[in-house]
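Please have the sequence and the model open while reading.

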Amino acid sequence: MSTPRSTRHRPRHPRSRLWALAAAVVAVVMVGAAGCSVLGGEGGEPSSTPAVAASHDRTDERGGTLKALSLGPVLSWDPQRIAARDDAAFAGRTFLRTLTAYQPSTDVRNQSRLVGDLATDTGTPNKELTSWSFTLREGIAWEDGSKVTCEDVKYGISRTFATTEITGGATDALAVLAVPKKPDGTSVYGGPYAKVAAKDPGVAAFDKAVSCSGPTITFLLAAPVSDFNEMVTQAAFAPVKQSADQGADGIFAVFSNGPYKLAAPWRASTGGSWVRNPHWKATTDEVRGAFPDRIDYQEGIETQTVAQQIMADGDNAREAVALGSAPPAIQQHILTVDALRERSVQAGTGLVDYLVPNLKSPMFAKVEARQALAVATNREAYVTALGGGSTALPTPSVIPAALPAAHDDNPLEPGRRGDAGRAKVLLGKAGLTIPVPIKVAYRSSPVADKAMASLVAGWTEAGFAPELVPFKDDYFTSITQPSAGTAYDVFWSNWAPAWASASTILPALFDSSINLTPAGPGRDYGYFADPEVNQEIVRINGIADRAEREKAWTSLDVRLQTTGAYIGLAERRALYIAGSDVRNLSANEVIGGVVEFADIAVRR
């Protein structure tokens, strides 16, 4: 299901790159329901299906109608308004193309492979990484047959600056492009709808920052951005044809440059049908197979009802796929019945639950105390309370498993179940008197209450005296108030990357220079402040080579874990089921662990 996304951010300087924009894709609710644990013993693997349902015969046969069933609701199909990761993933495989894209793959390890999409390649930066150029492919057309041009890409990006008309989507362009800001922090450029003088300085500034020369578009950036070519995989950087733009009224307007177009206007709360765009050419597209002739997208159906209908595999369900994860109580049945397991696929969503000790608290002023909490944390109990290994996997890191920077290092070596004895020793080294009272704030729900309660025993045995403080409403707003910094000792949170790089995780959460202000901690809820870490973030962002850069993020993450800056808990998982006539079922973990529509097919 779609989950709320926060888009609040307070950029302080050009280096920010809108790190906290990943909040536009982070789910800020704790999701889950009761279910049986399928975790094995210490270090064991869950009994579940992989991110690719290999038991289904793969095919490249075209034709047929695929039914996509969802609770929804889709909030927008406007490229610059799309925020939910599942909506962005569907749009990006059906009607919306971006300069670059992540390649679908049957091998999860290769899903982060970046390729040119609208562009011929993954872009060319200058030596300083302050300028990026992309050349558009020949032969890409809109659904009316007109050519997709550099000016269309530029116009689409310009709409992000119309912050009163176009709202809800990613706003990275506002942060990274070399368009000056006013004293109040807003851009001097107001977007394409603003009434301005012929030589308005804002328009001139945008035209300089985003320029076209034939099929080549060039971006001038306010500061070096080493992974800008990954940033532009987002829908907010997609082209929009000006003559087809409906502005503020175009929430569900679709003008396609991908393999599908809407057969009729989208019906909010009901859905719509996607049919072939006759002007899309497979020869111009190395990302999408576009095998079905038609995709009937139905929303407004309860997730449990969808799962039960598809499990029954009746006449109306054999060509259907669930877009929402099956409820945990149903997951166990799917995973234990061979005929159902073969029609299902499971993947990590990239959404990681974690804890942050509050460094303003006298209880966690010393690193040994923070390490003690980390060592005493029973991740396996936490996952069991969430519903077991089909709903989440224990992880000590905030970097999801599918990202290039993911790693297996656990520098404090507490194991999945924690080590209360060693944690107590660390508390002694911190000079604290046992029991150590701590107040732990978290967002409450029936499952969250169980999951957080599961941690209490390990913490208590280690010498802490934990008090859980549940918040029913406005959790993230509450913990970013300055008063929270003196009221609580530990905060629960979760996070997901905006694209396949740890650059959208570690700086957003732990760079104090872009988070900590008199107004509050931003996304650095634990008030972690280390000038050396901030400097390392700047250094890593200047590394041009992707592999070297992600390796450096890995090293920084290990450093953060070692100092107790945070405590990873679990990466959430999703389980999707399809009818018996659906082929090539897979889930792409890099784009949110959602159903992969690039090469899904139906048996005719």
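Predicted model: local features only at pLDDT ≥ 70, side-chain atom pairs only at ≥ 80, totals over all residues.

Residues are numbered from 1 along each chain as its sequence is written, and side-chain values use heavy atoms, leaving out hydrogens and water.

**Cavities**

- The structure has 5 cavities of 30 Å³ or more (a cavity is a set of points on a 1 Å grid over the protein atoms alone where a 1.4 Å probe fits but cannot get out).
- The largest cavity holds about 450 Å³ of space, a volume being the space filled by probe spheres set on the points.
- Its lining comprises 28 residues, with A88, T233, Q234, A235 and I591 nearest the centre; lining residues have an atom within 4 Å of a point.
- α1 (85-94) and β2 (100-102) each supply at least two lining residues, and α1 gives the most, with 5 residues (helices are DSSP runs of H or I, at least four residues, and strands runs of E, at least two).
- The lining of the largest cavity has 19 nonpolar, 6 polar and 3 charged residues (Ala, Val, Leu, Ile, Met, Phe, Trp, Tyr, Cys and Pro count as nonpolar, Asp, Glu, Lys and Arg as charged, the others as polar).

**Helices α6 and α7**

- The axes of α6 (residues 303-312) and α7 (residues 328-336), lines fitted to C-alpha atoms over the stretch in contact, come within 10 Å and cross at roughly 20 degrees.
- α6 is therefore roughly parallel to α7 (angles under 35 degrees).
- Q304, A307, Q308 and M311 of α6 meet I330, H333 and I334 of α7, contact meaning heavy atoms within 4.5 Å.
- The residues of this contact divide into 4 nonpolar, 3 polar and no charged.

Key:
1 Å grid on protein atoms, 1.4 Å probe; cavity = no way out; pocket = protein on both sides within 12 Å on 5 of 7 lines; lining within 4 Å. Axes fitted to C-alpha atoms, helices over the stretch in contact; angles between N-to-C directions. Parallel < 35°, antiparallel > 145°, perpendicular 65-115°, else oblique.
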